[in-house]
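Biologist: Could you take me through this structure, one region at a time?

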Amino acid sequence: MLFAVALVFAYPSQLPPGHPSAPPEHLKEPLAYMRKAQAGWEKRVLKSLNSMSTELEVPLARMVATILSLAHECATWPPLCARLSHCYRVDITHVTNSSFYPLPTPAQRPAAEQKELAGKWNEMGTDEPGGTGEGGFEPFQARLRPKGLSGSADQLAESELQQQRGRRCPEPLGAHPGPPRCPGHPTAGVCPWISLHACACLQITNRACACLGVFQRQAYPELNLSSGQLGIDDHAHIHPDLFENEYVQIGQKVLSQQDSAAAQQYSRRGCPTGLRADVWALILNATNQPQDVMYYEQLKAGVIQHDLLVDNLIYKDVKLTASNDDYYFVFEDFLYQVLLCFSRDTSVLEHFAYNSATPPKSYVQGNAGDDKQAVFYPPNGVIPFHGFSMYVAPLCFLYNEPSKLYSVFKEMYIRYFFRLHSISSSPSGIVSLCLQFECLLQTYLPQLFYHLRQLGAQPLRIAFKWIVRAFSGYLSTDQLLILWDRILGYDSLEIVAILAAAVFAFRAENLMEVRSSSSAEAVLADLSTLKVMPLIQIFLFAT
């Protein structure tokens, strides 16, 4: 036996000679039906974008004959050259002022419009950047709301359930049988863990499906009832000498050592308000060095010089969400600046190496299908959707320099937020979070889950909007930042699903008394008064 084990380590398994390597898309997402669902969602998004482009008669890409202005910028700042080469798939590393290429670029704004936009860069909330009426993009926004992604997940669940029907879904290794299912239970005879609207019988390794209570208590030891927590032990009625003062001193020491791993561990119990901005930046390795400021200014110049269709989508989203929020409306100018620059940042394309999504391409008119006449559109490969600006808005409370705000947001997006609007089997992906939410609800609150299903109030449909925004816009800002402390601390979005289930547990008594789906939604409509850490602690360690 020992000899066999030694052989395993001495001769690790290798692919046989001639075995074809897996395609890149299979490495990013191993499950075929997940890839199919993501492709369907992308097709739906692109169809909406193309239809809006046709209706507004605004092309997505235009052809120009010269790149002298880009050549000048590349000559003065080489990193921009590399990023433009990566974006436009054209070798411009040795461009001179006499070089001409048929390079697809965005439409250039008229000189008068460039001057006007540059002059009001810090007051962009006073006017519309694209000149499109406020109601012009309402059809597009309606088709790209989070419920559209939820519908795609439901279709995925239904197709997978049809394949599994007639045979019991295998339980994950180590899973206990869970609560008993009565014959009338909506999941009886199909799957003991997952309901139809949580992507039934998915072959996903998920923490919620393996010894829920024991495993999660072990996974979040820093959140136990005996550990001091910011969000609980820093309230006014608790003397600061008991916990807060010492904890702040520890945070200052972490910052002085510039240890990213220590900062991440520190964030698991929360970050003091005065240290949070620096701790987050240290965890994310987001800097604000002169080269970072210069890069931000180059992106800003790109916004001023060139007009994109997505500029109007960004404007529309900010107007419909953050501008109407009591906490975030004052940051409207910051949101425009960050999101417009983000749409031009081709370095964001690098995250598609591990994202199940594929950046959309746009072809020059009359050259559809010709890869030489194609560009990624928008340049960062991310089409904004309704609520996208809410990923940025809470960060505006922490950073008052646009360049630093931009650096932190970009790192947050390419690490975490992109998973909330792409279909994948990642444990932090939106599908797994939905699965975890329903597993927790069925395990700890089976009667409530069944009661709501009987009323036609699908719990996941109520909670999905919280999860897809990581609760931004639903919790008060101080509580939201406390939640995001733990996201950074545990390097995972799974705490979002746990909080969603904890909210249902907290309102369970009221929910059991409702007699209609509209009443259930009304009970859960306002989350602004909730305290995050007491809910999570009680749900994990006292339920």
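**A buried serine and its surroundings**

Modeller: This is a predicted model. Ser492 is buried, because its relative accessible area is 9%, which lies under the 20% cut-off.

Biologist: Where is Ser492 found?

Modeller: Ser492 sits in the loop that joins α20 (477-490) to α21.

Biologist: And what does the side chain of Ser492 reach?

Modeller: The side chain of Ser492 reaches the backbone nitrogen of Glu494, at 3.0 Å.

Biologist: Which residues does Ser492 touch, not counting those up to four places away in sequence?

Modeller: With those set aside, Ser492 touches Tyr416, Ser428 and Ile487.

Biologist: Let us turn to the largest nonpolar core. Which residues touch the most other members?

Modeller: Phe409, Trp466 and Phe504 do, in a core of 138 residues. The helix that gives the most to this core is α21 (residues 494-506), with 10 residues.

Biologist: What is Phe504 in contact with, leaving aside neighbours within four places in sequence?

Modeller: Beyond those neighbours, the contacts of Phe504 include Phe437, Leu441, Leu445, Leu448 and Leu452. Pro459, Ile462, Ala463 and Trp466 are also among them, as are Leu511 and Leu524.

Biologist: Back to α20, then. At what angle do the axes of α20 and α24 cross?

Modeller: The axes of α20 and helix α24 (residues 532-541) cross at roughly 50° and come within 9 Å. The pair is therefore oblique.

Biologist: Which residues make the contact?

Modeller: Gln479, Ile482, Leu483 and Arg486 contribute from α20, while Val532, Met533 and Ile536 contribute from α24. By type, the residues of this contact divide into five nonpolar, one polar and one charged.

Biologist: How many residues of α24 are buried?

Modeller: Eight of the 10 are buried, so α24 is largely enclosed by the rest of the structure. The buried residues of α24 are Val532, Met533, Leu535, Ile536, Gln537, Phe539, Leu540 and Phe541.

Biologist: Now for the backbone. Which residues other than glycine have a positive phi?

Modeller: Gln258 is one of them, with phi near 55°. Ala470 is another, with a positive phi of about 55°.

Biologist: Where do Gln258 and Ala470 lie?

Modeller: Gln258 is placed in the loop between α10 and α11 (260-267). Ala470 belongs to the loop between α19 (459-468) and α20.

Biologist: Is Ala470 buried or exposed?

Modeller: Ala470 is buried, because its relative accessibility is 0%. Gln258 counts as exposed, because its relative accessibility is 55% and the threshold for exposed is over 50%.

Biologist: What about the peptide bond from Tyr377 to Pro378, cis or trans?

Modeller: That bond, from Tyr377 to Pro378, is cis, with omega near -10°. Pro378 is located in the loop between β6 (374-376) and α16 (402-415).

Biologist: How far apart are Asn245 and Asp234 in sequence and in space?

Modeller: Asn245 and Asp234 are separated by 11 residues in sequence, and their C-alpha atoms are 9.2 Å apart in space.

Definitions and conventions: Residues are numbered from 1 along each chain as its sequence is written. This is a predicted model: local features need pLDDT of at least 70, side-chain atom pairs count only at pLDDT 80 or more; totals for chains, interfaces and linings use all residues. Side-chain values use heavy atoms; hydrogens and water are left out. A nonpolar core is a set of buried Ala, Val, Leu, Ile, Met, Phe, Trp, Tyr and Cys residues joined through side-chain atoms within 4.5 Å. Buried means under 20% relative accessible area, exposed over 50%, partly exposed in between (1.4 Å probe, protein chains only). Helices (H or I, at least four residues) and strands (E, at least two) are DSSP runs, numbered from the N terminus. Contact means heavy atoms within 4.5 Å. A polar contact is a pair of N or O atoms within 3.5 Å; within protein, one must be able to donate a hydrogen and the other to accept it, and residues adjacent in sequence count only if both atoms are side-chain atoms. Axes are lines fitted to C-alpha atoms, for helices over the stretch in contact, and angles run from 0 to 180 degrees between N-to-C directions. Angles under 35 degrees count as roughly parallel, over 145 as roughly antiparallel, 65 to 115 as roughly perpendicular and the rest as oblique. Ala, Val, Leu, Ile, Met, Phe, Trp, Tyr, Cys and Pro count as nonpolar, Asp, Glu, Lys and Arg as charged, and the others, Gly among them, as polar.
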